[in-house]
Amino acid sequence: EKMKKHLKLCLLGFVFFLFGYVSLASAEERIIDYSVVVKVEKDASFVVTERITVNIEQKNINHGIYRMYPIKIREGETGLRHYDFDLLSVKLDNKPVPFHQDYMGYTTGIAIGDPEKKAPLGKHTYELVYKTTQHVRFLPEHDEMYYNVTGNFWQFPIDRVWFTVELPDGSEPLKMQAYTGKIGESGTDYKMLNSSVLETTRPLLPEEGITVSVAWEKG
């Protein structure tokens, strides 16, 4: 398993170098705001809108950004949980933008940007809208979601993350909490703005992310 993870990271590094989408971070190039809205549908699927505002200097962000999304995770020693992922739209500054989606190991990757052109300089916002399933867990006492908001593959800092969950019929969560840091860490660098919205309280470093757990009444 360790060898597979190591091989996957090496292959990802090669993909980043080959296509020029993401390299090591510089002090100037970073994600300024990362806003994620998860709309929970009545069939337990999610429609997710991500708005990723980036400062681009054409140094390491050359043609665009590369979003990696987990479509499989290990559960226990032998279990494997699959997530469906259906990309609905991709935009740059509210306009459609070229993208390329591929699959590697336990992830899908979306290279966002025109490979024949440089990404625009300055502050710009990439938007992804997608549908995903199998994230809701139906427990005896309540239903809940456990969701990796940003992923842990970004190679430059994220100044601030906003997360919002929208439940059907205007329902309110029973509880929402989050975990910040690298994979396996459980930092608490966030604050609740209300029962359905939170934001981080410090910049996330490369390969750090935030995962949320949200519980609501059954049904």
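**Aromatic pairs.** I searched for ring pairs and found seven aromatic pairs in the structure. I note at the outset that the model is predicted. I looked up Y69 and F85, which form a tilted pair with centres 4.7 Å apart and 40 degrees between the planes. Y69 belongs to strand β3 (residues 65-70) and F85 to strand β6 (residues 85-92), so this pair ties together parts 16 residues apart in sequence. I then checked the cover of both rings. Y69 has a relative accessibility of 2%, so Y69 counts as buried. F85 has a relative accessible area of 12%; because buried means under 20%, F85 is buried as well.

I went on to W154 and F156, another tilted aromatic pair, at 5.8 Å centre to centre and 45 degrees between the planes. Both W154 and F156 are buried.

**Nonpolar core.** I looked up the largest nonpolar core and counted 46 residues in it. The members that touch the most other members are V38, M145, Y147, F163 and V212. I note for context that nonpolar side chains tend to be buried together in soluble globular proteins. I took V212 and listed its contacts, leaving aside neighbours within four places in sequence. The list holds M145, Y146, Y147, V149, F163, Q177, A178 and L198.

**Whole chain.** I recorded one helix and 17 strands for the protein chain. Of its 219 residues, 47% are buried. I looked at contacts with a separation of 6 or more and found that 71% of them join residues 24 or more positions apart. The chain exposes about 11,500 Å², and carbon and sulfur atoms supply 55% of that area.

**Salt bridges.** I searched the whole structure and found eleven salt bridges. I looked up D33 and R160, whose side chains meet at 3.3 Å, N to O. D33 is in strand β1 (residues 30-40) and R160 is in the loop between β12 (143-148) and β13, 127 residues apart. R160 counts as partly exposed, at 34% relative accessibility.

Next I took R51 and E127, which form a salt bridge at 2.8 Å, N to O. R51 is in strand β2 and E127 in strand β10 (residues 122-132), so the pair ties together parts 76 residues apart in sequence. I compared the cover of the two partners: R51 is partly exposed at 31% relative accessibility, whereas E127 is buried with a relative accessible area of 13%.

I also checked D189 and R202, where the closest N and O atoms of the salt bridge are 3.0 Å apart. D189 sits in the loop between β14 and β15 (190-194), and R202 in the loop between β16 (197-200) and β17 (209-216), 13 residues apart. Both are partly exposed, D189 with a relative accessible area of 23% and R202 at 25% relative accessibility. I then traced shared partners and found that salt bridges join D33, R160, K191 and E199 into one network.

**Backbone.** Q58 is not a glycine, yet its phi is positive, about 60 degrees. Q58 lies in the loop between β2 (46-56) and β3, and is partly exposed with a relative accessible area of 29%. D169 also has a positive phi, near 60 degrees. D169 is placed in the loop between β13 (161-166) and β14 (175-181). I recorded D169 as exposed, with a relative accessible area of 68%.

How values were computed:
Residues are numbered from 1 along each chain as its sequence is written. This is a predicted model: local features need pLDDT of at least 70, side-chain atom pairs count only at pLDDT 80 or more; totals for chains, interfaces and linings use all residues. Side-chain values use heavy atoms; hydrogens and water are left out. A nonpolar core is a set of buried Ala, Val, Leu, Ile, Met, Phe, Trp, Tyr and Cys residues joined through side-chain atoms within 4.5 Å. Buried means under 20% relative accessible area, exposed over 50%, partly exposed in between (1.4 Å probe, protein chains only). Contact means heavy atoms within 4.5 Å. Helices (H or I, at least four residues) and strands (E, at least two) are DSSP runs, numbered from the N terminus. Accessible areas come from the Shrake-Rupley method with a 1.4 Å probe; for residues, only the protein chains shown count as cover. Rings of Phe, Tyr and Trp (its six-membered ring) pair if their centres lie within 6.5 Å; planes under 30 degrees apart count as stacked, over 60 as edge-to-face and the rest as tilted. A salt bridge is a side-chain nitrogen of Lys or Arg within 4 Å of a carboxyl oxygen of Asp or Glu.
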